[in-house]
Amino acid sequence: MTEAAVPAEAPSYEAPRHRSPLLARRGAVEGVGPDAGVAWHYGDPTAEQRALARGGAVVDQSHLGVVRVAGPDRLTWLHSITTAQLADLPPRTSTELLVLSPHGHVEHAAAVVDDGEATWLVTQTPAALAAWLDRMKFMLRVEIADVSDDWAAIGEPVAAEGGPDEPVTWRDPWPHVTPGGTRYGPAPDEHPGADRAWRLVLVPRGDLAEQVAAREATGWPLAGTWASEALRVEAWRPRAASEVDHRTIPHELDWLRTAVHLHKGCYRGQETIARVHNLGRPPRRLVFLHLDGSGHLLPEPGAAVHETTGTPGEPGREVGRVTSVARHHELGPVALAVVKRSLATDAELLVACEGAMVSAGQEVVVPGEGVSTDRPAPRGPVARGLGVHPSL
């Protein structure tokens, strides 16, 4: 079995505890996998996606979990055990964090915002994350609660932090490079995610339908996760429930942009973060795939990605796995996949789909040389296979 064919362990998300009341809407089709519990679409996914892309739609995200951390030591404590710079996080300023294994593999991911009294973590592993945090609190003055039963998230295409009179709101920082971060892919203003506005607003779970209705009254239609996921995939935005498996390190997904601070104090997994950043060559890399839609076939997440052999439709070696799939209203069928770093960046690919093979062209997200834009320049000759630093 090749490295790329090693099966992933259990998916990095928890089954939702609540089925959204909005699934009672006429035409609603429930999502599956990490998006179970909310609507995939409400009968017209293309129109829903166009409305969201124009900046005028609301998305039910109530399947996401919420963990609340209170107490005077909360920010310095979270700073010391995660990848993010949190010790001086101002109120109503959004960021995100990763919890890594001792070997630097991603175990949890969470959107982070503090309201001045508590830190709110939005995640798809709320029970497991709260349990891990509870084990790590020792004698510190922190209070950890999984409040997913009490709070629900609403997605909005708004590029603004929550104001003083608004509910707790997390604005997605992607694809900007946050202070202390770095990037493998293009500059923020050249990135395909540059125009994607997205934030999550937390509302009492019992008020979910009312809050959505208030937004619909302004002219925003209700959109499903078909729409929000298509725009996420277009923006190359990694999602722990989709792109992460038991071997994932943040460099492979260009996640050092927003979720990792390279110059803060020690935390679990930091050695791997620093080593791969300094030496380059993460084992795998994220790619964006343009899928051949002529056969009206879409692969499932987890489908094998193969090199071509030169013979039409005949797959060569397996080089990776599809992680997310979407039908985009302009680009057609697209996907994200994690492939071997050594795969040529211009290689034509085939993706397994219902017993057939679908052609795919790759668009580079993490460059094949695996070198970030600010990797320290080598002091001597570069070792064979490490590539040339882009600044040289």
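Which helices and strands each supply at least two residues of the lining of the second largest pocket? Keep in mind as you look that this is a predicted model. The elements in question are the helices α1 (45-53), α5 (225-234) and α6 (240-243), together with the strands β6 (106-114) and β7 (118-123). Among the contributors, α5 gives the largest share, with 6 residues.

Now for the pocket itself. The space in the second largest pocket comes to about 800 Å³. Its lining is made up of 44 residues, and those closest to the centre are D172, R196, W198, R232 and R237. Sorted by class, the lining holds 20 nonpolar residues, alongside 12 polar and 12 charged ones.

Two of the lining elements, α1 and α5, also pack against each other, so let's turn to them. Two packed helices are described by the angle between their axes and the distance between the axes. For α1 and α5, the angle is about 55° and the axes lie 8 Å apart. Angles from 65 to 115 degrees count as roughly perpendicular and those under 35 as roughly parallel, so α1 and α5 are oblique to each other. The crossing of α1 past α5 is right-handed.

Which residues make this contact? On the α1 side you will find P45, E48, Q49, L52 and A53, and these meet W226, A227, S228, A230 and L231 of α5. By class, the residues of this contact comprise 7 nonpolar, 2 polar and 1 charged.

Technical notes. Residues numbered from 1 in each chain as written. Predicted model: local features only at pLDDT ≥ 70, side-chain atom pairs only at ≥ 80, totals over all residues. Heavy atoms only, no water. 1 Å grid on protein atoms, 1.4 Å probe; cavity = no way out; pocket = protein on both sides within 12 Å on 5 of 7 lines; lining within 4 Å. Points joined across faces, edges and corners; volume = space filled by probe spheres on them. Helix = DSSP H or I, 4+ residues; strand = E, 2+ residues; numbered from the N terminus. Nonpolar A, V, L, I, M, F, W, Y, C, P; charged D, E, K, R; others polar. Axes fitted to C-alpha atoms, helices over the stretch in contact; angles between N-to-C directions. Parallel < 35°, antiparallel > 145°, perpendicular 65-115°, else oblique. Left-handed = near helix turned anticlockwise from the far one by under 90°. Contact = heavy atoms within 4.5 Å.
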